[in-house]
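Open the model in your viewer and keep the sequence panel at hand. The stops below say what to select and what is there.

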Amino acid sequence: MTTPLPTGVFNYLELDRVHFGTPAADALQTEATQRGARRIVVVTSKSLNRKTDAVTAALARIQPQVVGLFDDCIEHTPRETVLAVADLVRGTQADLIVSIGG
């Protein structure tokens, strides 16, 4: 007897824009300005934030607007990670979330 394969539908979220070929600091400043963002939360990985200067460099121009940074992202995004980020976003009243890294 064969077990039937699960079926379903997955809907991808719409992307507004993707920047490429532009330094991250320039792209982030452009997006923050175009969106009128004043309270930005940054989501990244611990290794990217703590072992490289990539996050600091990317945030150079928008640092005054950064109200929170979450670098406890865990591979495969478990529920606890999502809830922790949501709490940070609510607590800081962020109007833009920026993800740096995969």
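**Stop one: a helix end**

Select Thr92, which is in helix 4 (residues 79–92); helices (H or I, at least four residues) and strands (E, at least two) are DSSP runs, numbered from the N terminus. This is a predicted model, where local features need pLDDT of at least 70, side-chain atom pairs count only at pLDDT 80 or more, and totals for chains, interfaces and linings use all residues. Residues are numbered from 1 along each chain as its sequence is written, and side-chain values use heavy atoms, with hydrogens and water left out.

Is Thr92 buried or exposed? Thr92 is buried, at a relative accessible area of 10% (buried means under 20%, exposed over 50%, partly exposed in between, with a 1.4 Å probe and protein chains only). Now show Arg39, Val41 and Val67: Thr92 touches these, leaving aside residues up to four places away in sequence (contact means heavy atoms within 4.5 Å).

**Stop two: paired strands**

Select strand 1 (residues 40–43) together with strand 3; the two pair in the parallel sense over 4 bridges (pairing needs at least two DSSP bridges). Val43 has Ser99 of strand 3 as its bridge partner. On strand 3, Leu96 and Val98 form the covered face, while Ile97 and Ser99 form the uncovered one.
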